[in-house]
Every structure is written in structure tokens, then in C-alpha cells.
Amino acid sequence: MNLTSLVFFVFLGVSLILYYIIPKKAQWVILLVSSLFFFVYSSGLLTLYMIATTLLIYVGALFIQKIKDDFKAKKKTLSKEDRKKLKSAANKKEKEVLTVIVIACVGMLVVLKYCNFLGNIVNSVSEIIVNNSILPSFNLLLPLGISYYTLMSVSYIVDVYRGTIEAEKNPCRLLLFVCYFPHITEGPFDTYDNLNSQFREYHKFDYDSFINALCLLLFGLVKKMVLADRLAYISNEIFDNYTSYSGFQVLAGMLSYTICIYADFSGCIDIVRGVSKMFGIDIAENFNRPFFSHTVQEFWRRWHITLGSWLKNYIFYPVSLSKVEKNLSKKINNVCKSRYYAAAIPTFLPLLCVWMVMGIWHGASWKYVVYGLYYFAIIFLGVMCEPIFLKLFKKSKLQRNGKAFGAFQIIRTDLLVTVGLTMFRADTLSQFGSMIKSLASINFNILSIVNQCPDLHKLDYLFIAFLVIVLFIKELKEENGKNIDSWIKTNAFRRWLWITAAILMVILLGIYGTGYTEQVSVYAEF
């Protein structure tokens with residue numbers, strides 16, 4: 001069920017009506033039933049995988065909670081030494097349960113999504129040794145949002161293990177957290193602690209809140225259906241026929257895709273956040289004007305924010321606190337005289353793990369592995385070269401916090417990101433290399449791109465330019481401290497003017513636009 005389809009909005013309307021007429025104690029049940037319907041409608045019998053994951057974390061979390069509760073009950077009557085022994089034994093049991101459940105959940109994801117990728121690696125080795133492939137290829141279907149609900153499930157049981165939340169005793173409430181339909185298609189990732197407390201509250205219909213949610217939803221629809229879907233024609237044309245283009249044309253395609261994926265992904269997040277707000281549920285923000293970032297590291301703190309938070313909390317910190325990392329840090333401290341490098345060098349392993357996982361999470365292909373390593377290399381080199389940069393700034397007396405250098409940093413970061421997203425979009429690493437190489441041949445004939453996109457009218461390019469400029473101005477104003485959304489929502493006339501304009505744009509320039517073909521959301525496949 002596509003987030004921009006008529007079927008989805010009929011489904012949403014029915015769910016909202018039932019949600020607000022049902023007794024307050026049963027509101028969460030309507031959310032659960034709606035979410036399960038959405039999941040079954042989209043995945044059919046594959047829904048069983050999601051239910052299996054939920055059962056695994058439900059049972060595992062109860063086991064961990066029982067071990068914790070037993071320790072709390074017994075420790076008061078024990079001596080200090082016996083208490084330490086009991087705590088050590090309890091921690092060991094908890095870790096064993098956690099390990100089994102995490103391996104089972106992630107294993108399900110690996111088997112369904114990565115078995116052919118791993119099989120190809122094994123076959124490549126076997127062909128070298130025995131000149132024959134030993135593993136067959138499988139055509140497995142993926143349930144809706146498996147990459148999202150798996151990581152959210154892992155975060156839940158890890159949080160129970162850490163003691164930041166208590167295990168949920170009602171399996172249906174846990175199931176709602178896992179399959180809550182607004183975030184299941186393409187995020188954002190959210191924590192059980194944040195959503196569960198909201199699911200338990202009674203949400204009375206509030207006109208102003210509902211209209212504000214509608215404004216956000218419509219903003220997402222305009223970004224997705226009017227801007228991103230048009231840009232997709234341009235980027236698809238150039239990426240699918242990259243050998244026919246060179247120089248400026250390829251660069252135009254790369255920039256088109258960069259803006260397209262941002263408008264598409266952030267637009268869909270606006271849609272689902274707006275939908276969730278209609279039910280009175282606030283889900284996490286996922287974007288914070290990323291293209292105004294001064295460094296690649298800052299970019300990833302502003303882009304897909306919830307994935308970055310997940311990687312930091314459940315990959316970076318555990319690796320940083322592991323025995324291997326602690327031993328490595330001690331050895332480096334003994335050898336390295338510089339305090340800065342003694343602290344910086346040990347971040348190599350945690351950062352490497354983070355970006356390897358980030359790359360592989362996006363897909364079962366070597367290009368995604370390299371995609372993750374690309375950002376790892378840029379960020380780690382930036383950290384290692386920081387003392388050199390400081391010396392250069394002192395000698396040159398260049399104002400590092402000045403506007404001119406800040407503008408340079410933003411442009412540099414956006415170009416590095418555009419190169420990364422070109423790798424992300426390219427079908428193979430070979431295609432990516434060819435496209436980057438073709439930039440050396442300058443050709444300013446941009447009109448050839450227009451002529452090669454028959455599905456787009458020439459007026460469509462004016463719409464694209466207009467919306468890109470409007471989006472840029474909006475985010476620039478917000479970057480400078482002006483809250484445009486609040487400015488619109490706090491005035492009834494401006495609010496309804498925006499709602500009317502947005503609806504007309506979606507109807508006239510979106511679904512019913514000339515030559516319109518519905519484009520699948522980029523991140524929906526994950």
C-alpha cells in the first residue's frame with residue numbers, strides 16, 4: 001500500500017474515524033488492527049516473519065526481566081561478596097539470552113535479504129578452488145519494512161537488557177510497537193520508550209492539532225509527488241543511459257538524484273509524521289536541513305537522524321566499550337605521545353563497524369559496502385587531519401568561523417555527498433566509476449536531457465526549478481532561526497491558503513499531472 005495512493009488515504013480515513021469514536025481504553029487496539037491490516041495488505045503471509053520476530057523479542061525480554069527481578073529480590077539478603085557473584089551470574093545469563101535473540105532476529109533478516117549476496121561470495125571462492133559454484137541462488141520475497149522492524153526489535157530487547165525499560169508483558173502492545181504502520185514502510189526508527197507511553201494515552205480529537213498534522217502531510221506530498229517524482233525522470237534517464245551523456249549532463253543527473261532522494265525520503269517522512277500526528281502520536285524527526293552541513297559528519301547527524309542514533313547507541317557504544325577496544329586503547333595510549341591521537345585512533349574500529357553496518361543495511365551488494373566505507377574514510381581522515389587543519393588556519397590567519405569559509409564548507413560537503421549518492425544510485429561500482437570519469441569531459445548541452453525525457457513537459461522543468469528554489473529559501477530561513485512551519489500554522493488564513501495550494505498542486509501537478517507515472521519511494525525497498 002503506497003503512502004501516496006488513494007487506497008492508503010481511504011484506509012487512513014476509516015482508521016481515524018474508528019480511532020476517535022472508540023472508547024479511550026481501546027484506541028491502541030484500533031492502531032494495532034489498522035497496522036496489521038496495512039501489513040497483511042502489503043505482505044500477505046510474509047507477515048508471519050514480523051510476528052515471529054515480535055514473539056522472539058517478547059519471550060527473550062521476559063526472560064531477561066525475570067533474571068533482573070530475581071536478582072533484585074535476592075540481593076538484599078546476601079553479603080557483598082555473594083551479591084557480586086550472583087550479579088555476575090545474572091549478567092552472564094542475561095547476555096546469553098540477549099545474544100540468542102539478537103542472532104535469531106538478525107539471522108532472519110540475513111537469510112531473507114542477504115543469502116544470495118553471501119552465497120555469491122562463497123561461490124566466487126569455490127570457483128577459484130574447485131572451478132564450480134556450490135550454492136544455488138534463491139528468489140526470496142521480503143516482508144514489508146523488514147530492515148526497519150528488525151533493528152527496532154533489536155533496540156527494544158537491548159534496552160530491556162540495559163535496564164532502561166522494563167519488558168512488556170502484553171504481547172499485543174509489543175506487536176503494535178513493531179508494526180505501527182506510519183513508520184513501518186521507511187522509518188523513522190523510534191524507541192519503545194517513546195512510542196509505548198503515547199500508545200497508552202487517550203488522544204482526544206483536537207482540531208488545531210489535526211489541521212497542523214494535515215499541513216505537514218501535505219508538505220510531504222508536494223515534496224514527494226510534485227518535486228521528487230519529476231526529478232526521478234531526469235535522474236533515471238541519465239543513470240539508465242549514462243554512456244550517452246558526459247560532463248555537465250552527468251553532473252546534472254547526479255545533482256537531480258541528490259535533490260530527488262532528499263525530497264522523496266524527507267517528503268515521505270513528513271507524510272508519515274503527519275499521519276501519526278493525526279492519531280496524536282509524535283514519531284521521531286529524521287531530517288534537519290542536512291544540505292547546510294559544514295562537514296560530512298554533521299551531514300549524517302542531520303540526514304536519516306534516527307538511523308544514525310540507532311547506529312550510535314547499538315553499534316558505536318557497544319564496540320567502544322568492548323574488551324577488544326579497551327585493550328586497543330591502552331596499547332595506543334602507551335605508544336602514542338599525542339593526547340589527541342591517543343583518543344582519536346581508537347575510534348577507528350567503532351567507526352568502521354558503524355559504517356560497515358550502515359552500508360550493508362542499505363542493501364545486499366558490494367556497492368553498499370563501499371558506500372559505507374566511503375563515508376567512513378572521509379570522516380576518519382577528517383578526524384585524523386584535524387591538528388593539521390588547525391595549524392594551517394593559524395598560519396594562514398583564515399577565519400574558520402567566517403561566512404566565506406562556511407559557504408565553502410557547505411559546498412564541499414554537498415559535493416562529497418552527491419558523489420556518495422551517485423554511488424548509492426548507480427547499479428554497479430563500474431557504472432559509478434564511469435560516471436565520475438565522464439565528468440572530465442565538459443559539455444554544457446543541458447537541453448539534450450530535456451529532449452531525452454519525453455514523459456516530462458517543458459513546463460515541468462519550471463515547476464522543478466520553482467519548487468527547488470522555494471524549498472531552498474524555506475530551509476535557509478529556518479537555518480537562520482525563522483520557523484516557517486510555525487509562521488504558517490499560527491495564522492488561520494496562511495494555514496488554509498497553504499492547505500488549498502498544496503491540495504491543488506498534488507491534484508493538478510501530482511497524480512493527475514501530464515505524463516505522470518507513480519514513482520516508488522526510494523527507501524520503501526529497505
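Pro188 lies in the loop between α7 (181-184) and α8 (192-199), where helices (H or I, at least four residues) are DSSP runs numbered from the N terminus. A cis peptide bond, with omega of about 5 degrees, joins Gly187 to Pro188. The model is predicted, and local features therefore need pLDDT of at least 70 and side-chain atom pairs count only at pLDDT 80 or more, whereas totals for chains, interfaces and linings use all residues. Residues are numbered from 1 along each chain as its sequence is written, and side-chain values use heavy atoms, with hydrogens and water left out.

Arg289, in the loop between α10 (248-278) and α11 (296-302), has a phi near 50 degrees, a positive value in a residue other than glycine. His304 is placed in the loop between α11 and α12 (305-320), and its phi is likewise positive, near 50 degrees, in a residue that is not glycine. His304 counts as buried, at 1% relative accessibility; buried means under 20% relative accessible area, exposed over 50%, and partly exposed in between, with a 1.4 Å probe and protein chains only.

The packing of helices was examined next. Two packed helices are described by the angle between their axes and the distance between the axes. For helix α15 (residues 348-362) and helix α16 (residues 366-396), the axes come within 7 Å and cross at roughly 150 degrees, which makes α15 roughly antiparallel to α16. Here the axes are lines fitted to C-alpha atoms, for helices over the stretch in contact, and the angles run from 0 to 180 degrees between N-to-C directions; angles under 35 degrees count as roughly parallel, over 145 as roughly antiparallel, 65 to 115 as roughly perpendicular and the rest as oblique. The crossing of α15 past α16 is right-handed, that is, the near helix is turned clockwise from the far one by less than a right angle. Residues of α15 that take part in the contact (heavy atoms within 4.5 Å) include Phe348, Leu351, Trp355 and Ile360, and those of α16 include Tyr368, Leu373, Phe376 and Phe380. The residues of this contact divide into 15 nonpolar, 3 polar and no charged, where Ala, Val, Leu, Ile, Met, Phe, Trp, Tyr, Cys and Pro count as nonpolar, Asp, Glu, Lys and Arg as charged, and the others, Gly among them, as polar.

Two buried helical residues illustrate contacts beyond the local sequence. Gly60, found in helix α3 (residues 47-75), is buried with a relative accessible area of 1% and, leaving aside its neighbours within four places in sequence, is in contact with Val97, Ile101 and Ile157. The C-alpha atom of Gly60 is separated by 14 Å from that of Thr150, 90 residues apart along the chain.

Finally, the structure holds 0 disulfides, a disulfide being a pair of cysteine sulfur atoms within 2.5 Å. Cys179, which counts as buried at 0% relative accessibility, has its sulfur 9.9 Å from the closest cysteine sulfur, in Cys172, too far for a bond. Cys260 counts as buried at 3% relative accessibility, and because its sulfur is 10 Å from the closest cysteine sulfur, in Cys268, the separation is too far for a bond.
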